[in-house]
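Take a look at the structure below. Keep it in view as you read.

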Amino acid sequence: MKNISILGATGSIGTQTLDVIRNSKDEINLIGVTANSSVDKIKDIIKEFNPKYVGMMDNESADKVNKFCIENKLNIEVLSGLDGLEKIASLDEIEMVVTSVVGMIGLKPTLKAIEAKKDIALANKETLVVAGELVMKRAKEMGVEILPVDSEHSAIFQALNGYTEKDVSKIILTASGGPFRGKDIDYLKNVTVKEALKHPKWNMGQKISIDSATLMNKGLEVIEAHFLFDCPYENIQVVVHPQSIVHSMVEYKDASIIAQLGSADMRLPIQYAINKKERKDQIASRINFYEISQLTFEKPDLETFKCLKLAYEVGAQGGLAPTILNGANEEAVALLLEEKIKFLQIGDIIEDSLKYFNDEKNKELTIENIVELDRKVREYIRGRWN
Ligand code: NAD
Ligand code: MG
C-alpha cells in the first residue's frame, strides 16, 4: 500500500488522479488532499476517500470544510493557507505527493515535500519553470524522484529508459497546436475567451487551456524539459502534431528515434508516475492503427504564436528571467479570463514585462528572489492593465 497526498485534488489532473486511485485495486491510499476553494468537490472527495488531512488555501472554505467534518463526526484535520498545503505535502505518513495545483503557488509546497524526502509526481510545470535548477538540485541531494505527469515529459521519460544526455541528440516535444492552429494574427485579433478555452484534444483546467491556445504551454514545457532531462535548449525541438497520438520523442546520437504513443488520456501518464514506472492495468482506451488514417507533423508558427518564441529566449537567459515570463503569463491569462484584455495582448504583456523587469533577471536565483519578483511582476501588470 502506497500513501500519497494530492495538491490540487479538485482540478483536472487532481480528478483524474482520483480515478487512477479508484483503478489501483487498493494499492494506493489517499492521506491528504488540498484545494483552493472548491468546498463541494472536496466534500465529495472526503465522502469517497476519507483522507486524514484536508487543506483549503482559502480560509473561509477551510472553515466550511471543518464544519462539515464536525457535523459528520469525521476525524479529519482541516488546515488552511499555504502552511496547510506545505504540511500536507510533507506528512510523515506519505511517501509521494502529486503536485497538481496550477501556477507557481506550488513552488513552496513542492520544496517542502522534497525536504521531507517525498517523491514527486509532478504536474505543476510552473514550479519547474521558475525554479527548475533549485528544485532538481535539491531533489538530487535528498534522493527524491521527480516523476513527470505532463504527457510529453512522461513520453520522454519513457523513451529515455535509462539513457542519459550523452546518448541523446535531441528531444522532440510534440504539440497539438491548440484551437488556433493554422490561424494568422488577423484572425486572432478577434477571438473570444470561449474559443480560446476550447481545446481540440484535451479537456483541461482553464489556465493551461489558454496556455495551449497561445502556445505558451509548449514554451513552459520546453523549459520544463530542459530542467527535467538536463537537455540544452538548442536540442529541444517543438513539432506540431495535431492528432496528439505521439506524445513526444527522443532522438539518439545514432539518429534512431524512440517515441511514446497512446490515446490522449492524462490518466496514463498519471498512473505511470504514481506507480514509479511500474506498468499497471489498462486505464485508457487502446490505439487502433486501422482507424488512425494518418499522423502528421508541422513546424510551429513562432511569429504568430510569439509566446513560444519568448519562452525559448527566456529559457536560454536562465536565472530569474523565467520567473518574469511565468508571472506575467499567469497574470495575463487571469486578465483574459476576466475579459479585461484581448487574446493577443497576452504575448504583448509578457514581452512588455520582460523589458520592464530586464534588470532584475540576473539577480541571484533564490526562492526568496523568485517569490518577490513574481509578486512585483503581477503588481505591475494589475496596475497597468486591470
Ligand atoms: P485546474 O485549474 O483544473 O486545477 C487546479 C487545482 O489547483 C484545483 O484543485 C484548485 O483548487 C487548486 N488551486 C488553484 N489555485 C490555487 C491556489 N492559489 N492555491 C492553492 N490551490 C489552488 O488545473 P489543471 O488543469 O488540473 O492543471 C494543474 C497543473 O497541471 C498545471 O500546472 C498544469 O499546467 C498541469 N497540467 C495539466 C494538464 C491537464 O490535462 N489538465 C496536463 C499537463 C499538465
Ligand atoms: Mg503537456
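We begin with the ligand and then turn to the aromatic rings.

This is a predicted model. Start at ligand 1. Around ligand 1 there are 23 residues. T10, S12, I13, N36 and E126 come nearest. By class, this shell has 12 nonpolar, 8 polar and 3 charged residues. Two helices, α1 (12–22) and α6 (125–142), each supply at least two residues of the shell.

Now look at the oxygen atoms of ligand 1. A polar side-chain atom of E126 lies 2.7 Å from one of them. A polar backbone atom of N36 is 2.9 Å from an oxygen atom of the ligand. A123 also takes part through its backbone: an N or O atom there lies 3.4 Å from a ligand oxygen. On its own, ligand 1 has 830 Å² of accessible area, and the protein covers 87% of that.

Next come the rings. The whole structure holds 7 aromatic pairs. One of them is Y163 with Y252, an edge-to-face pair. Their centres are 4.9 Å apart, with 65° between the planes. Y163 lies in the loop between α7 (151–160) and β8 (168–175), and Y252 lies in strand β10, so the pair ties together parts that are 89 residues apart in sequence. Y163 is partly exposed, at 46% relative accessible area. Y252 is buried, at 6%.

F180 and F343 form an edge-to-face pair too, at 5.1 Å and 80°. F180 sits in the loop between β8 and α8, and F343 in the loop between α14 and α15, so this pair links parts 163 residues apart in sequence. Both F180 and F343 are buried.

Finally, find Y356, F357, Y380 and W385, which form one aromatic cluster. K183 lies over the face of Y187, 4.7 Å from the ring centre.

Definitions and conventions. Residues are numbered from 1 along each chain as its sequence is written. Chains are lettered from A and ligands numbered from 1 in the order in which they are written. This is a predicted model: local features need pLDDT of at least 70, side-chain atom pairs count only at pLDDT 80 or more; totals for chains, interfaces and linings use all residues. Side-chain values use heavy atoms; hydrogens and water are left out. A residue is near a molecule or strand if one of its heavy atoms lies within 4 Å of it. A polar contact is a pair of N or O atoms within 3.5 Å; within protein, one must be able to donate a hydrogen and the other to accept it, and residues adjacent in sequence count only if both atoms are side-chain atoms. Accessible areas come from the Shrake-Rupley method with a 1.4 Å probe; for residues, only the protein chains shown count as cover. Helices (H or I, at least four residues) and strands (E, at least two) are DSSP runs, numbered from the N terminus. Ala, Val, Leu, Ile, Met, Phe, Trp, Tyr, Cys and Pro count as nonpolar, Asp, Glu, Lys and Arg as charged, and the others, Gly among them, as polar. Rings of Phe, Tyr and Trp (its six-membered ring) pair if their centres lie within 6.5 Å; planes under 30 degrees apart count as stacked, over 60 as edge-to-face and the rest as tilted. Buried means under 20% relative accessible area, exposed over 50%, partly exposed in between (1.4 Å probe, protein chains only). A charge sits over a ring if NZ of Lys or CZ of Arg is within 6 Å of the ring centre and within 35 degrees of the ring normal.
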